[in-house]
Amino acid sequence: MKPKKELKDLNLMDRFLFAEAADDTEFMEILLGIIFDTEIHLLHPPQTEKEERDTFSQKQIRLDVWAMDEEQVIYDTEPQRQDTHNLPKRSRYYQGLVDSRLLRPGETQYNQLNDVYMLVIASFDLFGKGLYQYTFRMTCEQVPGLVLEDGATRIFFNTKGTEPQGVSPELVELLHYFEHTTAETAERSGSLRIQKLQEKVEAIKSSEEMGVKYMRAWEEKAFERQEGFEEGLECAFEALGSLVRDGVLSLEQAAERMNGRKEEFLNWYHEKQAKP
C-alpha cells in the first residue's frame, strides 16, 4: 500500500513537508519574517516536533516547530488542516505547557518568562469572519485598550481568508502558498522570500533520502493506526463477550452488533471459550 499523496504532491499544510522544511533555520527565519513583517534571526536551529510532557498527567505533546530568536522570543508554529473543534483550548494547553518549561523549579522571577507566540496556520476559517489573521492577547473588559502585558500571544491564520485588511499582501500570498506549494504559486506571488522557500521545498521533494524517509514515516503511522484499530476491536469483542457470559445478550445478538465482523467475533468468542 502506498500513501494517498506522493512526496512531490505534498504542500506545506502537510505535517511531514512542513516539519522537514522548517528544520532549516533560514526557512523559519523567512517564514517568521513574512508573518511579522520584519527580519527575524533565530538564536538556535528550530526544533521540529519538539516533545513536551505534562508534569501532572505525563501526557506527551508534540509541538510541531519550536524556535527562539535572538531576543529570546519563542515561536511555536503548527499547520492545521482539519478543524478538530478544540483549537482555542488546545492552544491554551500548549501555551501553559511551554510556559511551564521556561523557569527552573522554584524560580519565582516571573518577569524572566520569555514572550511566546503560538502560531496556528489553518486551512479553514476558525472564527468565520473571513480574516486571514486573528490575533489574541489578554485584555481588560472594563478598560478598552488595556492589555495585560504577560507576553503571551496566540495567532490563528486562515489560508482561505477573503478580507485582507490588517495584513501584508506578502502574508496573504504566503498563506495561499501553504495551500498550493508549487513553483507556479511562488512565482505568481511576486515575493522573492516565498520563491526562496520554494527552492528549499523543491530540494526536499527531489531528495531520494527524503523520499525514503517519507515512506517510512507513512508506514509507521499506518502501523500505529492499524495497531490502534486492532486494540479497539479487541476491546469491543471483550465487552460483548462479557455481556454474553453475564446473560445480558445471546451470542447471536452480540454477533449482530459487530455488523460486518460477525463471523470474526464468533470465531474469537469460540476460541476464548475453548481455552482452559
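Tutor: Keep in mind that this is a predicted model. Start with D37, in the loop between helix 2 (25-36) and strand 1 (47-53).
Student: What's the phi of D37?
Tutor: Positive, about 55°, although D37 is not a glycine. Most residues other than glycine have a negative phi.
Student: Is D37 buried or exposed?
Tutor: Exposed, because its relative accessibility is 57% and the cut-off is over 50%.
Student: Next one. Where does Q72 lie?
Tutor: In the loop between strand 2 (60-68) and strand 3 (74-80). Q72 has a positive phi too, about 65°, and is not a glycine. Its relative accessible area is 43%, so Q72 counts as partly exposed.
Student: Switching to packing. Which residues touch the most other members of the largest nonpolar core?
Tutor: L12 and L174, out of 42 residues in that core.
Student: Which elements each supply at least two residues?
Tutor: Among them are helix 1 (15-22), strand 4 (116-122), strand 6 (152-158), helix 4 (169-179) and helix 7 (208-245). Helix 2 gives the largest share, seven residues.
Student: Back to L12. What does it touch, leaving out residues up to four places away in sequence?
Tutor: L17, F18, A21, F27, P79, Y177, F178, T181 and V201.
Student: And how many residues are in the other core?
Tutor: Ten, including A254, A255, M258 and Y269. That core lies apart from the largest one.

Terms used: Residues numbered from 1 in each chain as written. Predicted model: local features only at pLDDT ≥ 70, side-chain atom pairs only at ≥ 80, totals over all residues. Heavy atoms only, no water. Helix = DSSP H or I, 4+ residues; strand = E, 2+ residues; numbered from the N terminus. Buried < 20%, exposed > 50% of the residue type's maximum accessible area, 1.4 Å probe, protein only. Core = buried A, V, L, I, M, F, W, Y, C linked by side-chain atoms within 4.5 Å. Contact = heavy atoms within 4.5 Å.
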